[in-house]
Amino acid sequence: MVKAIFFDVFGTVIDWRKGLAHGFERAFAKSGREISSHALADAWYQAYRARVRDPLAQDVRGDEVASASLQDVLEAWKLDRVLGDKDTAQLASSWQRLPSWPDSVPGLRALRREYVIAPCTDIPTSTMTWLAKHAGLPWDLILGTDLVGEGQRGGLLAGAVQAIGLAPGEVMYASAHNADLAVARSVGLKTAFFARPKEFGAEQTSDLAPGDSWEVVAFDMLDLARHMESAIY
């Protein structure tokens, strides 16, 4: 029986694109410079994730990764001399102030009544902690790569399962990304999918439907909670 549910966070629980785009809009509001805030958000997300996945960066603080990846993007877009140090620092901290999807917090609260819930993704614990504080995410614990092992998703999941003293079959992994669930299943976890069709904007073409026969296919986080109320998984 499932006793704990681990979650992918960015895109599944958190609307990173909206939050990062808002950060760019706020930072450049006084500059008079026209920017494409959502395109910049997409570029920053990719740069951040690339740095996080670098094996040499596993012990680097989350705020340092955010600052370094932001600098990469500002230089690539020739915007590195537009903002002052204060505005740049404020923009870099956007990773700690991202909004959740509307159903995330009520859904997590409902699931927490019966299950241990935790984020489990390749993001440093520091970023996850401050993000949870801002968005009001009611995790039972936070499991970052710097605490439970390898940066590769399979090693991270296995380490997190071991950290809370459960067998893989007693843990479910929930994600809006089919690739995440394939990895979770490969290390013995149960799986739950629900789509976030606007994660990458209106033109999104990926992860609009389940890519395999996952144990649970829900509409959103609240629907996942309804599925798990009488779970026999």
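Student: What hand does the crossing of α1 and α2 have?
Tutor: In this predicted model, α1 and α2 cross in a right-handed way. Helix α1 covers residues 16-27 and helix α2 covers residues 37-53. Their axes come within 8 Å and cross at roughly 115°.

Student: Which residues in α1 and α2 meet?
Tutor: From α1, Trp-16, Arg-17, Leu-20, Ala-21, Phe-24 and Glu-25 take part. They meet Ser-37, His-38, Leu-40, Ala-41, Asp-42, Trp-44 and Tyr-45 of α2. By class, the contact has eight nonpolar, two polar and three charged residues.

Student: Switching to the sheet. What is the strand order?
Tutor: The order is β2-β1-β3-β4-β5, in an open sheet of five strands with parallel pairing.

Student: And which are the edge strands?
Tutor: Those are β2 (116-119) and β5 (216-217), each of which pairs on one side only.

Student: How many bridges join β3 to β4?
Tutor: Four, between residues 171-175 of β3 and residues 190-193 of β4.

Student: Where does the largest share of the lining come from?
Tutor: From α1, which supplies five residues to the second largest pocket.

Student: And by class, how does the lining divide?
Tutor: The lining of the second largest pocket has two nonpolar, five polar and three charged residues.

Methods
Residues numbered from 1 in each chain as written. Predicted model: local features only at pLDDT ≥ 70, side-chain atom pairs only at ≥ 80, totals over all residues. Heavy atoms only, no water. Axes fitted to C-alpha atoms, helices over the stretch in contact; angles between N-to-C directions. Helix = DSSP H or I, 4+ residues; strand = E, 2+ residues; numbered from the N terminus. Left-handed = near helix turned anticlockwise from the far one by under 90°. Contact = heavy atoms within 4.5 Å. Nonpolar A, V, L, I, M, F, W, Y, C, P; charged D, E, K, R; others polar. Pairing = 2+ DSSP bridges.
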